[in-house]
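Hi,

Here is the structure I promised to pass along. Have a look at it first, and then read on for what turned up.

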Amino acid sequence: MPVDYQAIREQAVARVREKEQEIRIFVGFGTCGIAAGARPVLAALQDNLRQAGVSARLQTVGCNGMCYQEPLVDIAKPGRPRISYGQVTPQLAAQLVDDYILGDNPRPDLALGVVGGDGYAGIPPLSEHPFFRGQVRLVMRNCGLIDPGDIDEYIARGGYASLHKALFEMTPPEVIAEVRKSGLRGRGGAGYPTGLKWEGCRGAHGSPKYLLINGEGGDPGAYMDRALMDSDPQAIIEGAVIAAYAIGCEQGYFFIRAEYPLAIERVQRALQQAEERGFLGDNILGSDFSFHLEIKRGPGAYVTGESTAVQFVIEGRQGTPRWRPPHSIISGLWAKPTTLNNVKTLVNVPLIIERGGEWYATIGTEKSRGTKVFALVGHVQRRGLVEFPLGITLRQLINDVGGGPLPGRSFKAVQTGGPLGGCLPAAMLDLPVDFDSLKGVGSMMGSGGIVVLDDKSCMVKTARHFLNFSVDESCGRCSACRIGSRRLSEILTRITQGRGQPGDIEAMETLGKLMGKVALCGLGRAAATPVLSTLRHFRDEYEAHIHEKRCPAGACEMSIS
Amino acid sequence: MARQVDGPTLTLAEIISRYQGQKGALIPILLDVEEAYGYISADMAEQIAWTMRTSPAHVYAVASFYTRLRTQPRGTNLIRLCSGIACEVEDVTQIQRVIEEELGISVGETTPDDLFTLEMVPCIGVCGQSPAMEINDVPYGNLTPDKVRQILARYRQGET
Ligand SMILES: Cc1cc2nc3c(=O)[nH]c(=O)nc-3n(C[C@H](O)[C@H](O)[C@H](O)COP(=O)(O)O)c2cc1C
Ligand code: FES
């Protein structure tokens, strides 16, 4: 007997409404909020409320992406809109309790904006803030808004309606057809069409079939996966259950780096609540479909985010990639058909089921449908996580959203795609960011890291940073990656120390191209990209280092001595 | 997190028995041992190997492959300073120097009083707050030399 979703939804709405009868204070409590000092702010709020003798509901929420404004505090009085305040210190928290909780002054001078509505008392909507203007928040739809520890808040916003729809109104092939129609491509970096992957796995011989969720979130600088797991674990789980239904999996593993304890805790709690409500486990929502999902902790190594390595870790082995074929959808975990999806990929799925593949395909560009979450970091005024339709230009991201370089500095380069991506100069800022455009100029979108570098940055040193990373993270199984990365790193180190030699540039180009052809996995094949892209776009900096023993940015060791 | 100060909360046998009969149990066991004891000793590796019907060399190989797993004891407070790109461009090198000066150790070392171990790790996932570090899994962002000195002082006075 199908469970009545409407009844579940109404109960959840009623419980959330009840909370809304009180004064509510929301504190951004993702890992990033905590890092920015949200703990003492929370404590100050508790103390001040207690001293004042007012009862208010203090709620911890995830991260809305506005990292440069953390710690973030929102206040919602009954019948009034929710107002957001940034860079809150314990002192400022006390002030807000005095002025707006006890008094009636929402302090428009301190407010960032009104969350999810029109302006109020002279405070503009947050959606008009330059950081949020134009954002299309699909993946981040609940981030920073809901309490990740309370499934009712997810359900009240329509959560699990899509799972109900998929189970009772669609066959598995229909779910796959809808996802194919949407044009959704994997958000873990490689951009493989999600529907196609599911179809291949569904059709593969062998059982059981496994679903793996990739929450390794390993790209340095690209921290959106961690933020998503901290902020909205239910959306990932709902997407996963729909995926499992479509493919025909009864068992799944949620792979999360052990270094992300908060994400593990929140996902664990979310799994438990989903199971209690019948969204997970045996006979989901009264259907004859069962799916079990379990966390597997990643013991920490960048390469374990790679698809075959994830499987080896779960099997209890060393996380070293293997040669493909066979592809995982044919022979993956314990040699069974296995689908691996990134957490962000899965969070798109409930929306596609709810509103249809055709709707989804209207967002983004011809070959890159939908939105992408970007981590905008480095030398910009506003750092954080933002979500835009694919095809937004680098210039829009850096200048309009990020506010451009810091005062007195100028833009030099943007590094995209994580440690296996490349650096692009100012002349390329009008390129659209999608799965394919940046590849043509020697970089890539990858997982969506956007690191802005200003005029004080040395491009040779930047390349050296990434090559040192690859030396550390190479699993050592194939010599192209193990030895190639080390050789490149040695040459780059020499150059930054003023000991570059004629011929170094050519040697690096030859070696880098070779690695791209013969390395075993994506790490080795792309490890030279930071060198090759900087050689392509910033060759004169290499030449100055090698021939004139001079670092134009004044950032290398030789310019210090 | 379990700390050595009060002694580990679980014995090795208890940890191993949690995963009895499960496939792929080696890594979860090693992670739990790491959490309870701060590292995986040669003795423990041998015991784990024996119960799991594998060789100590295999257990050791797996343990040494991963950054989260340690084969050497560490100090009471584990500092993990981020060396990722977002932190690198915000001059994490300067922060590294301050910590090394304050503690009198280099990256990879433990203070003689066993109070601190310093490690560099690539990205702790708070890149919007770079430069950043974690102490015993508690994240600290937007670090400046002064801020780091204050945080270290608090841990010296017994914060865990
Ligand atoms: C060295 C390396 C590291 C990777 N790390 C991750 C990661 O941390 N998270 C992730 O989702 N994908 C990572 N990937 C990509 C995965 O191999 C895989 O393509 C992806 O998880 C598939 O999911 P998707 O189709 O939903 O994107 C990595 C790939 C390579 C080569
Ligand atoms: S790069 Fe330092 S926290 Fe990510």
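This is a predicted model: local features need pLDDT of at least 70, side-chain atom pairs count only at pLDDT 80 or more; totals for chains, interfaces and linings use all residues.

**What turned up**

Let's start with chain B, which is divided into two parts: domain 1 covers 12-65, and domain 2 covers 77-156.

Now for ligand 1. There are 19 residues around ligand 1, and those that come nearest are A:Gly188, A:Lys197, A:Asn214, A:Asn342 and A:Thr345.

Some of these residues also point polar side-chain atoms at the ligand's oxygen atoms, at these distances:

- A:Thr345 has a polar side-chain atom 2.7 Å from an oxygen atom of ligand 1.
- For A:Lys197, the distance from a polar side-chain atom to an oxygen atom of ligand 1 is 2.9 Å.
- A:Asn214 places a polar side-chain atom 3.0 Å from an oxygen atom of ligand 1.

How much of ligand 1 does the protein bury? Ligand 1 exposes 610 Å² when taken alone, and the protein buries 89% of that.

As for where the shell comes from, strand E9 (338-342) and helix H19 (522-526) of chain A are the elements that give two or more residues to the shell around ligand 1. E9(A) supplies the largest share, with three residues.

And what is the shell around ligand 1 like by class? It has 11 polar residues, along with four nonpolar and four charged ones.

Cheers

Methods
Residues are numbered from 1 along each chain as its sequence is written. Chains are lettered from A and ligands numbered from 1 in the order in which they are written. Side-chain values use heavy atoms; hydrogens and water are left out. Domain bounds come from an automatic or database domain assignment. A residue is near a molecule or strand if one of its heavy atoms lies within 4 Å of it. A polar contact is a pair of N or O atoms within 3.5 Å; within protein, one must be able to donate a hydrogen and the other to accept it, and residues adjacent in sequence count only if both atoms are side-chain atoms. Accessible areas come from the Shrake-Rupley method with a 1.4 Å probe; for residues, only the protein chains shown count as cover. Helices (H or I, at least four residues) and strands (E, at least two) are DSSP runs, numbered from the N terminus. Ala, Val, Leu, Ile, Met, Phe, Trp, Tyr, Cys and Pro count as nonpolar, Asp, Glu, Lys and Arg as charged, and the others, Gly among them, as polar.
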